[in-house]
Amino acid sequence: MCGIVGYCGPKRVVPVLLESLRRLEYRGYDSAGIVYLENGKLVKHRAKGKLAKLEAIIGDAIIADSHIGLGHTRWATHGAPTTENAHPHSDCTGELVVVHNGIIENYHSLRDELKTKGHTFTSETDTEVLAHLIEEYLENDLVAAVKKAVKRLEGSFAAGILWAKQPDTLIAVRNQSPLVLGVSDDLGTFLASDIPALLPYTRDVIFLEDMEMAVVTATEHRIYSLETDTEIDREVQKIDWNASMSEKAGYRHFMLKEIYEQPQAITNTVSGRIDLEHGTVNLPEINLSNADLKKIDRIVIVACGTSWHAALVAKYWIEKYAGISVEVDIASEFRYRRLLLNEHSLTIAVSQSGETADTLAGIRSAKKLGSKILTICNVVGSTMTREADGTIYTHAGPEIGVASTKAFISQLAALLLLTLYLGQEKKTLPPGEIRSLGKSLIDSAGMVEDILPRLQEEIKELIEPFYDARDFLFVGRGLNFPIALEGALKLKEISYIHAEGYASGEFKHGPLALIDRNMPVVALVPKDAVYQKSISNVEEIKARQGRLILIGTAGDDSLSSLTDNIIYLPEVDEIINPIIYTLPAQLLSYEIATRRGCDVDQPRNLAKCVTVE
Ligand code: G6P
């Protein structure tokens with residue numbers, strides 16, 4: 001997965017490209033490159049490593065008198081992360097350049113064919129075939145050549161194309177990888193893989209759909225279907241995010257800023273959707289009529305990574321409060337299984353980005369079988385939201401840190417809203433209960449705000465004897481089992497410590513063998529319905545001298561007989577526990593990772609949005 005940007009307009013292009021790339025670096029940071037047109041010639045700069053490496057070699061090019069160009073930040077899929085494999089890639093003449101995100105699956109055969117025709121390749125990437133393929137078809141009409149070339153591609157692509165002989169025009173094409181245009185009367189036309197890249201310049205955007213092409217100049221944009229060859233009239237949408245929402249605002253890392261933005265994320269997600277006076281939840285955006293809802297006897301939730309953990313929590317909620325059977329599936333498994341879905345099933349995709357390839361493929365398969373599709377998503381206008389029957393937006397604002405934090409919390413809030421809504425429509429929850437659970441959800445924002453600063457200080461101290469551990473285990477029961485999984489995932493992704501999450505009751509079926517005096521175990525033990533069972537499991541770990549860290553309910557003094565390492569959280573309505581218990585899991589990972597000197601916002605080998613399989 002990579003980030004692409006493009007610009008044509010009155011501003012000098014190099015600073016625009018670099019600023020936009022900086023905002024897309026979460027998509028990949030193996031290498032970066034830009035190209036711009038100066039005095040009729042294309043000038044390319046590429047560097048292996050993070051964007052800072054590219055910025056370091058740019059020198060005077062920063063003031064180049066150029067007003068059109070493309071940029072790319074790479075997360076390698078085909079070809080090692082080297083300068084030669086960094087984008088932009090050129091054709092044989094060096095007059096045509098391409099930046100690309102996605103995977104051209106038939107690139108081997110295309111490459112062989114083009115080599116036979118005399119084309120010379122200088123990289124190992126799949127992208128380079130697109131440059132040569134366009135060159136092969138190019139006479140005088142770039143648009144026609146791009147159309148012909150793109151029709152030969154199999155796989156996913158979002159690409160930007162610039163030809164020195166058509167110096168005022170950028171071409172963009174999209175199939176199964178995100179691409180959005182930004183338009184501004186004063187500043188020109190922008191192209192990007194994701195909205196944060198556009199925010200310093202414009203909030204007026206146009207999303208390209210699969211198999212569409214945009215032909216843009218500084219003052220004009222035209223969109224065409226690559227399938228029907230017709231021009232498309234697409235409305236400009238206004239995005240309500242602003243540029244400072246994707247800045248660090250004084251925090252050391254985006255991840256920490258985003259952890260502290262969680263109260264706002266909860267509030268934004270729930271506001272206007274719960275009517276406490278009448279004890280009702282309003283979610284017209286899910287687009288399911290009463291008749292649709294009556295038909296639904298089964299819910300399947302598909303997701304990846306952190307979003308999958310949010311889905312696991314939702315299973316407990318929906319089954320308990322709405323009485324509907326819920327299955328939760330990892331999207332990469334779901335998409336290749338025989339799916340027993342029909343018009344009585346509701347398939348829910350949970351996705352921060354709305355672009356994750358496996359989740360998208362999952363809902364496409366479910367849709368074909370007649371299932372209704374609902375998306376819980378953070379990015380307005382993303383592919384999943386366009387393909388679903390309905391969307392509950394999470395309104396967490398842009399999330400830049402690769403490790404998802406506020407998006408997760410807002411997914412929990414949205415899924416809890418959905419639970420209450422389903423309970424209301426299925427009449428399993430009376431208004432009084434909706435009112436009290438809804439109030440707990442609304443109030444959780446203030447609670448998170450109060451807890452965070454103190455928690456961070458406590459955890460900073462607590463991790464000192466633990467930060468250099470080689471392994472970590474997390475255990476939890478019921479609603480807190482998915483949070484144990486999330487705690488382990490957070491820790492391994494940003495600190496590179498091996499960590500696993502387990503259901504407390506499952507622990508004795510294997511993992512207990514790992515316990516000795518060197519093994520840290522984080523146990524989530526709120527005073528909930530399964531408290532006694534959880535404590536028994538903790539006792540088993542203590543008996544084998546595991547190094548316990550307990551996260552429990554304020555006032556539960558009995559925990560001190562088990563360990564000195566205790567984090568207390570306020571007593572809350574049980575339904576809110578997953579929101580509150582996520583906070584120490586996030587901060588523990590953050591503090592351990594920073595103590596170990598890790599780059600928490602851009603962990604090695606990972607990308608924020610995975611638009612490839
Ligand atoms: C990547 C990200 C994770 C995210 C997962 C699913 O692995 O690094 O933070 O949870 O993708 O992404 P989605 O956008 O579908 O929630």
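Reply: In this predicted model, Arg12 is partly exposed, with a relative accessible area of 39%. That value falls between the cut-offs of 20% and 50%, so Arg12 is classed as neither buried nor exposed. Its side chain meets the side chain of Asp65 in a salt bridge, at 3.9 Å from N to O. Arg12 belongs to the loop between β1 and α1 (13-22), while Asp65 belongs to the loop between α2 and β4, so the pair ties together parts that are 53 residues apart in sequence. Asp65 has a relative accessibility of 52% and counts as exposed.

Strand β1 (residues 3-8) and strand β4 (residues 68-74) run antiparallel and are joined by six bridges. One of the positions involved is Tyr7, whose bridge partner in β4 is Gly69. The sheet is open and has eight strands, paired in the antiparallel sense, in the order β3-β2-β4-β1-β10-β9-β11-β15. At its edges stand β3 (41-48) and β15 (237-238); each has a single partner strand, so one side of each has no neighbour in the sheet. Helix α2 (residues 51-58) packs on this sheet, where it touches β2 (31-38) and β3, and its direction makes about 130° with that of β3.

Val35 gives a view from inside strand β2. With a relative accessible area of 0%, Val35 is buried. Apart from neighbours within four places in sequence, Val35 is in contact with Leu17, Leu42, Val43, Lys44, Ile68, Gly69, Leu70, Pro88 and Val97. Gly69 in that list is also the bridge partner of Tyr7.

The wider chain comes next. It is divided into domain 1 (3-246), domain 2 (254-451) and domain 3 (463-595). The C-alpha centres of domain 1 and domain 3 lie 45 Å apart. A residue pair gives another distance: Val35 and Pro465 are 430 residues apart along the chain, and their C-alpha atoms are separated by 49 Å.

Strand β20 (residues 345-351) is mostly covered, with seven of its seven residues buried. In a regular strand, side chains alternate between the two faces of the sheet. Both faces of β20 are covered: Ser345, Thr347, Ala349 and Ser351 are buried on one side, and Leu346, Ile348 and Val350 are buried on the other.

The pairing of β20 is parallel with strand β18 (residues 298-303), through six bridges. There, Ala303 has Val350 of β20 as its bridge partner. Strand β21 (residues 372-377) also pairs with β20 in the parallel sense, over six bridges, and Leu346 has Lys372 of β21 as its bridge partner. From β20 the chain crosses through helix α11 (residues 357-368) to β21, and this β-α-β crossover is right-handed.

Helix α13 (residues 406-425) holds Gln411, which is buried at 2% relative accessibility. Not counting residues up to four places away in sequence, Gln411 touches Thr306, Ser307, Ala310, Val350, Ser351, Gln352 and Thr394.

Lys439 is partly exposed, with a relative accessible area of 41%, and Asp443 is partly exposed at 37%. Arg470 forms a salt bridge with Asp471, with the closest N and O atoms 3.1 Å apart. Here Arg470 is exposed, at 69% relative accessible area, whereas Asp471 is buried, at 16%. Elsewhere, Arg174, Asp210, Arg364 and Glu387 are linked in a network of salt bridges.

Terms used. Residues are numbered from 1 along each chain as its sequence is written. This is a predicted model: local features need pLDDT of at least 70, side-chain atom pairs count only at pLDDT 80 or more; totals for chains, interfaces and linings use all residues. Side-chain values use heavy atoms; hydrogens and water are left out. Two strands pair if DSSP finds at least two bridges between them. Helices (H or I, at least four residues) and strands (E, at least two) are DSSP runs, numbered from the N terminus. Contact means heavy atoms within 4.5 Å. Axes are lines fitted to C-alpha atoms, for helices over the stretch in contact, and angles run from 0 to 180 degrees between N-to-C directions. Domain bounds come from an automatic or database domain assignment. Buried means under 20% relative accessible area, exposed over 50%, partly exposed in between (1.4 Å probe, protein chains only). A crossover is right-handed if, with the strands pointing away from the viewer, the path from the first strand over the helix to the second runs clockwise. A salt bridge is a side-chain nitrogen of Lys or Arg within 4 Å of a carboxyl oxygen of Asp or Glu.
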